[in-house]
Amino acid sequence: MLRKTSLITGLILFVYVTTHLLNHALGLISLGAMEAGRHIFLRLWRNPLGTLILYGALLIHFALAVWAVFRRRSLVMTFSEAAQLIFGISIPLLLAIHVIGTRMAHEIAGTTDNYAYVLLIHWKFSNKYIAYQTAGLLAAWIHGCIGIHHWLRLKPMYVWAKNFLFAAALLIPTLSLLGYTQGGRSVLALSRDPEWMKQASAIIRWPDKDALGKILFWVDSVWVVLISGFVLALVARGIRSYAEKSRGSFRITYDDGRAVSATTGTTILDISRIFRIPHAAVCGGRGRCSTCRVRILEGFDSLPPASEEELHVLERIGSLANVRLACQTKPTEDISIARLLSPQVSVRDIHTRAGRHSGEEMEIAVLFSDIRSFTKYSEKKLPYDVVFVLNRYFSEMGEAIESAGGRLDKFIGDGVMALFGIDGNIEQACRQSLIAARAMTRNLEKLNQSLASEIGEPLRLGIGIHAGPVIVGEMGYGNATHLTAIGDTVNTASRLESMNKEFSSQLVVSGDVGIHAGVNLSTFPGNEIDVRGRADSIHVYIISNLEDLPLESS
Ligand code: FES
C-alpha cells in the first residue's frame, strides 16, 4: 500500500517535472513560445484540482520518504538507491525558493510569475539562482528516472523499451537546459532596453519588501521542516534499534558457514547487507523480484508467517515450502539459510529464466547426435577448415531442431544435445524429436552436397532419442549458466546415440518415444539393451534410414 502510494505520488510529480522541463525547452524557439507553453502548464497545474493533486502528492511523497528512511534497518545500499535518496532529499531544498518565489509571490503580491519574471531574477539580478534552478531540476529528473527505472525494470517490456526511455531521459533535460539558457539570454538582451523593462515590470508587478520577507521566511521554514524531518527519522531509528536490542537477538548461519547475530525486527536481507554478505536483491528489497529468496535449512517453523504479497511472489515462482523472501522475513530465533541465487543475478536473468532456475522435474524427450568418424576427418584438415565445416554443421542442426520446436541445449565437440517438451507435453515432445532427427539428416545431406569439394567423404550422423523424467533448471557458473536437463533420461539418450556405431544406423530410439509420439516403430529391428546405471533393460528400435520413419512428410 505504502509502496503503491509512493509510486503514484512519484509519478504525479514526475509528470509535473516533465511538463515543466518541456515548457523550458520552448525557449529554444522564443520567449513568446515559452510563455504560450506556460499558459497551458498553468491551466494544468494551477487550477484547484491540479493544485490539490500536485501539493498533495508532494507532501505524501515527502512523508513516505522520511518513513522509508526510518524503516530501513541498514543504510548500506546500492549506488542507485543512494543516488535516489540523496537527490530526493536535495530536490525540495534546491527548488523551495523557486516554487515559493513564484507561486507564493503570485498569491500574496499578485505578481505575474511569467518567464520574464523568473529569467530576469536568475540571469540579471542574482546568478546564483541559475545554479539552484539547474541543480534542482536535474536532481528532480534523475530522482524520477531512477524511480521509474526501479519500477519498470522487472517488467518484460522494459527490455526493449529501455533504450527509448534512456534516450528520452537524456534528451528532455538537455533540451530544457538549452531552452532555459536561450530564454535567459533573450531576456538579458531585452532588458537592456529601458522601455521593455518598464513594460515588463508593469506586467510583472514585483513583490514588495513585505512580500519578499514573507517569501524568504517560508523558504527558511521549508528548509527547517525538511531537515528536521530527516533528522527525526534518523534519531527515531537510533531509539528503535536501542529498544530492539533490549528485546533480544538471534543468530543466522549462512550456507558458507558464516554465522552472524542481529536484533529482532531486522529482515534477513538487511542482515546480509549490514554484515556485507553478498545477497541477490534485484528489486532492492521491495518484495517484487524474488531474487533474494533463501531456503530455510533450520528454524523454518519459528519464522513469522509470510504476508499475502510474499506468498503471492513465492507462488508465482513455484517455490518450495521452506523458501522465504529474505527482504520480507524478520526472524526472531536462530535459523540457518541457503541463498538460492547468485548475488550477481541481473534483471535480464529474471526475464530469461522465467521461474525455472530453482529446478523442476518434468517429462521431456532428449536427443543426442554426433558426426560419425569426425575425429578422423578433423585430423586430416587445417584448423580453419574444421571450424568452418563445424559452424556450417551447427547452424544446419540448430535450424532443424528449432524449426521442429526443440531447444538446442549444447554442442559438445561435434555432438549436439537438444531438449523437446520444456514448454509442452511429452507426446508433442516425442513427435518433435523424431521430426527434428529426420530434418537433421536432410539438412546434413544438403550440407554434404554444398561442401562436397571441401569435405570429400560425406558426413554421417548418429542420433539417439529417449524420453522420460528429467530435472530441468538453470545450471552452470557465471556466464556459462543456462537452462539444461539432467537425469537418467539424458544419460540413456546419450548411450543410444553411441550405439549407432555398432548398428551402422542413423537413429537408435527408445520404444517409449515411439509410444508417446504415436508412431509405429515395430516395423524396424528392435533390441533389448542394458544401460549402465539402470536396473531394467530398455527396448530400442534401430533405424538405418530416417526417411523410412512413418511421419507425415514435412
Ligand atoms: S529483493 Fe526483490 S523480492 Fe526481495
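Student: Which residue forms a salt bridge with Arg258, and how far apart are the closest N and O atoms?

Tutor: The partner of Arg258 is Asp256, and their closest N and O atoms are 2.9 Å apart. A salt bridge here is a side-chain nitrogen of Lys or Arg within 4 Å of a carboxyl oxygen of Asp or Glu. Before we go on, a word on the ground rules: this is a predicted model, in which local features need pLDDT of at least 70 and side-chain atom pairs count only at pLDDT 80 or more, while totals for chains, interfaces and linings use all residues. Residues are numbered from 1 along each chain as its sequence is written, and side-chain values use heavy atoms, with hydrogens and water left out.

How open to solvent is the pair? Arg258 has a relative accessible area of 36% and is partly exposed, and Asp256 is partly exposed as well, at 40%. Buried means under 20% relative accessible area, exposed over 50%, and partly exposed in between, with a 1.4 Å probe and protein chains only.

Arg339 makes a salt bridge with Asp255, with the closest N and O atoms 3.2 Å apart. Arg339 belongs to strand S5 (residues 335-339) and Asp255 to the loop between strand S1 (249-253) and S2, so this pair ties together parts that are 84 residues apart in sequence. Helices (H or I, at least four residues) and strands (E, at least two) are DSSP runs, numbered from the N terminus. Arg339 is buried, at 17% relative accessible area, whereas Asp255 is partly exposed at 42%.

Two strands pair if DSSP finds at least two bridges between them. Strands of a sheet pair through backbone hydrogen bonds, either parallel or antiparallel. S3 (residues 294-298) and S4 pair in the antiparallel sense over two bridges, and Val294 has Arg324 in S4 as its bridge partner.

In the loop between helix H10 (268-274) and S3 sits Arg276. Arg276 has a positive phi of about 55 degrees although it is not a glycine. Most residues other than glycine have a negative phi. Arg276 counts as exposed, with 64% relative accessibility. A further residue to check is Arg205, in the loop between helix H8 (194-204) and H9. Arg205 also has a positive phi of about 55 degrees without being a glycine, and it is partly exposed at 45%.

Back to charges: the whole structure holds 15 salt bridges. One of them joins the side chains of Arg372 and Glu497, at 3.2 Å from N to O. Arg372 lies in the loop between strand S6 (360-371) and helix H13 (374-379), and Glu497 in helix H17 (residues 488-498), so the two tie together parts that are 125 residues apart in sequence. Arg372 is buried at 17% relative accessibility, and Glu497 is buried at 9%. Elsewhere, salt bridges with shared partners link Glu35, Arg38, Arg46 and Asp113 into one network.

His466 is buried, with a relative accessible area of 3%. The side chain of His466 makes a polar contact of 2.8 Å with the side chain of Ser510. A polar contact is a pair of N or O atoms within 3.5 Å; within protein, one must be able to donate a hydrogen and the other to accept it, and residues adjacent in sequence count only if both atoms are side-chain atoms. Apart from neighbours within four places in sequence, the residues in contact with His466 (heavy atoms within 4.5 Å) include Leu496, Asp512 and Arg534.
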